[in-house]
Amino acid sequence: MSKQKGARIERWFANKLIDIFPGVRRNFYTQTRSGGRDMENTGAFSFECKGGKSYKSKMIRKILDQAEAEAEGKWAVGLVKPDREAAYAVMPFDDFVEILAIMKSEGIL
């Protein structure tokens, strides 16, 4: 991914998270020199931003589509445990932002 494309994706995510983390910004200087996290001023979160065609996964999309189809008004989350790797969760970004907003309103963030 080109640096410009990566920067554009990082800005897109930062703009979507600015209501939750008012001081959020791209971590341009440290990231360029030492490969640090992609965004600064995100509280307890360390975000790595990825986007573009190479990150389009039919398998992950299928998991999310199934979770969303069965959500019935609840947050859709796919839980994944790859063989011999750490488990992880995937969820629609808008749902994640909604959870963050609730956490912020409750004083958790």
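Does R11 count as buried, partly exposed or exposed? R11 counts as partly exposed, at 43% relative accessibility (buried means under 20% relative accessible area, exposed over 50%, partly exposed in between, with a 1.4 Å probe and protein chains only). This is a predicted model, in which local features need pLDDT of at least 70 and side-chain atom pairs count only at pLDDT 80 or more, while totals for chains, interfaces and linings use all residues. Residues are numbered from 1 along each chain as its sequence is written, and side-chain values use heavy atoms, with hydrogens and water left out.

Stay with R11, which is found in helix α1 (helices are DSSP runs of H or I with at least four residues, strands are runs of E with at least two, and both are numbered from the N terminus).

Next, select F13 and F93, an edge-to-face aromatic pair with 5.1 Å centre to centre and 75° between the planes (rings of Phe, Tyr and Trp, the latter by its six-membered ring, pair if their centres lie within 6.5 Å; planes under 30 degrees apart count as stacked, over 60 as edge-to-face and the rest as tilted). Because F13 lies in helix α1 (residues 3-17) and F93 in helix α4 (residues 93-105), the pair ties together parts that are 80 residues apart in sequence. F13 is buried at a relative accessible area of 18%, whereas F93 is partly exposed at 23%.

Then move to F45 and F96, an edge-to-face pair at 6.0 Å centre to centre and 85° between the planes. F45 counts as partly exposed, at 24% relative accessibility.
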